[in-house]
Amino acid sequence: MTFVIFRRAAQDYDGRKMSQNLISLSSPLLAGAAGLAGCRADFPVFRHHPGLVFLDSAASTQKPQQIIDAIAEFYAGGYANIHRGAYRLSAQATDQFEAVRERAAQFFKAPAAESIIFTRNATEAVNLVAYSWGLRNLNAGDVVLVSEMEHHANLVPWHLVTGLRGARVEAVRMTPEGRLDLEDYAQKLQLPNLKLVALQHISNALGTIHPAKQLVDMAHRHGKPILLDGAQAAPHMPLNLSELGADFYVLSAHKMLGPSGVGLLIAQPQHLRDMPPFLGGGDMIREVYTDRSTYADLPNRFEAGTPAIAEVVGFGAALAYLEALGMENIHAHESELFQYAQGQLNLIEGVDLYGPESSSEHSERAGVLSFNVRGAHAHDVAGFLDEANICVRAGHHCAQPLMRALDVVSTARASFYVYNTREDVDALARELRDIATFFGENL
């Protein structure tokens with residue numbers, strides 16, 4: 001299926017044509033991650049805010065001009081509602097929307113295009129599984145196994161649904177270094193009433209990369225389905241979900257250069273076929289009578305109402321952009337930046353870092369660095385950094401159980417992406433030295 005999606009970037013989602021802009025970006029990247037430095041010019045925020053050091057990409061990423069143009073072009077030149085219209089403009093919009101589903105299936109190497117369900121975000125995707133799968137499969141006394149490192153989006157939905165069903169949530173412990181305790185995981189997989197495992201792929205608060213394939217295989221050896229929260233993994237590393245084999249995998253577009261309002265649930269089709277709809281309304285039906293309904297086949301059964309059409313088109317453009325950069329290059333670039341940043345901040349007296357030490361193989365940490373300055377609240381540190389035009393996140397990072405395990409109230413968090421450089425790290429280290437000195441003198 002071929003269509004014009006935007007003028008400046010990828011012209012064909014079958015991958016046969018790529019614009020000169022993306023070709024020029026991708027060619028130097030073949031030599032390694034250093035070529036990523038050239039993509040910073042694609043992000044207009046850095047022209048609007050000269051000197052900006054943006055280190056909050058774990059929360060949401062900045063957007064390159066190509067994605068902005070894709071959305072604007074769709075609204076200006078091709079907007080119509082999808083699936084229902086018997087006219088060309090609607091048919092073309094439907095083709096563009098569905099082609100992104102195909103593109104996502106290829107990008108993530110999903111089991112099938114029908115296994116791609118569009119949601120509003122990763123949070124809604126977890127809720128979809130919790131309510132649709134959980135209400136049908138959980139009973140009194142059953143267990144959903146999570147970890148104390150989870151984002152609240154992979155905790156609260158399970159609290160709600162297990163509360164409705166008389167089931168309960170149990171957690172795998174975190175090691176003192178900030179890794180998932182695999183021995184505790186192995187023991188808890190033997191719980192007699194365990195029905196589902198729901199774990200993160202990468203910690204949003206610490207950047208710990210968990211051994212996802214091992215976690216999946218261990219769960220499956222005990223006959224248990226597993227959901228992986230990939231919100232922090234999908235933007236930063238190559239994924240082969242068919243090979244990984246998780247039963248459910250969730251992610252958000254806004255964390256990978258795309259717009260807000262789009263998430264994905266990527267599931268094994270057999271699970272989706274057994275699950276009832278999560279939301280009711282238009283487009284998810286087969287036939288409707290006043291007293292009953294029947295439901296559409298996959299994936300439409302889980303996509304009630306008018307979706308975020310332009311935003312999905314923009315997400316397709318983001319996938320094309322990331323594919324041109326190369327996910328392997330992105331992962332290597334962030335790993336190098338993280339190691340450099342960890343080394344620089346480790347030299348600063350009064351700054352405490354959290355999470356495992358990075359390895360030379362870049363296998364344990366993503367581009368997330370959580371820290372505190374002794375004597376200072378994380379919000380005060382973030383405020384001082386903001387005065388220097390440096391953006392970091394501060395707080396519990398929607399991971400309050402993890403903060404309790406660390407015995408802290410909050411941390412500051414710097415997170416890296418394709419547009420960040422060593423100069424950004426140097427600016428962060430320089431300001432943190434001054435902040436640490438200031439608070440150290442006032443302890």
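**Strand pairing and its surroundings**

Author: Strand 6 (residues 226–229) runs parallel to strand 7 (residues 248–252), and three bridges connect the pair. Strands (E, at least two residues) and helices (H or I, at least four) are DSSP runs numbered from the N terminus, and two strands count as paired if DSSP finds at least two bridges between them. The model is predicted: local features need pLDDT of at least 70, side-chain atom pairs count only at pLDDT 80 or more, and totals for chains, interfaces and linings use all residues. Residues are numbered from 1 along each chain as its sequence is written, and side-chain values use heavy atoms, with hydrogens and water left out.

Within this pair, Leu227 stands opposite Phe248 of strand 7. Both strands belong to an open sheet of seven strands with mixed pairing, in the order 2-8-7-6-5-3-4. From one strand to the next, the twist averages 20°; axes are lines fitted to C-alpha atoms, and angles run from 0 to 180 degrees between N-to-C directions.

Leu257 lies in the loop between strand 7 and strand 8 (263–267). Although not a glycine, Leu257 has a positive phi of about 75°. Leu257 is buried, with a relative accessible area of 0%. Buried means under 20% relative accessible area, exposed over 50%, and partly exposed in between (1.4 Å probe, protein chains only). Asp407, also not a glycine, has a positive phi of about 65°, but Asp407 is exposed at 69%. Its place is the loop between helix 14 (400–406) and strand 15 (411–415).

An antiparallel pair is formed by strand 9 (residues 285–288) and strand 10, over three bridges. A hairpin of four residues joins strand 9 to strand 10, and Val288 faces Ser293 of strand 10. Tyr295 is found in strand 10 (residues 293–295) and counts as partly exposed at 37% relative accessibility.

Finally, 14 of the 20 residues of helix 12 are buried, so helix 12 is largely enclosed by the rest of the structure.
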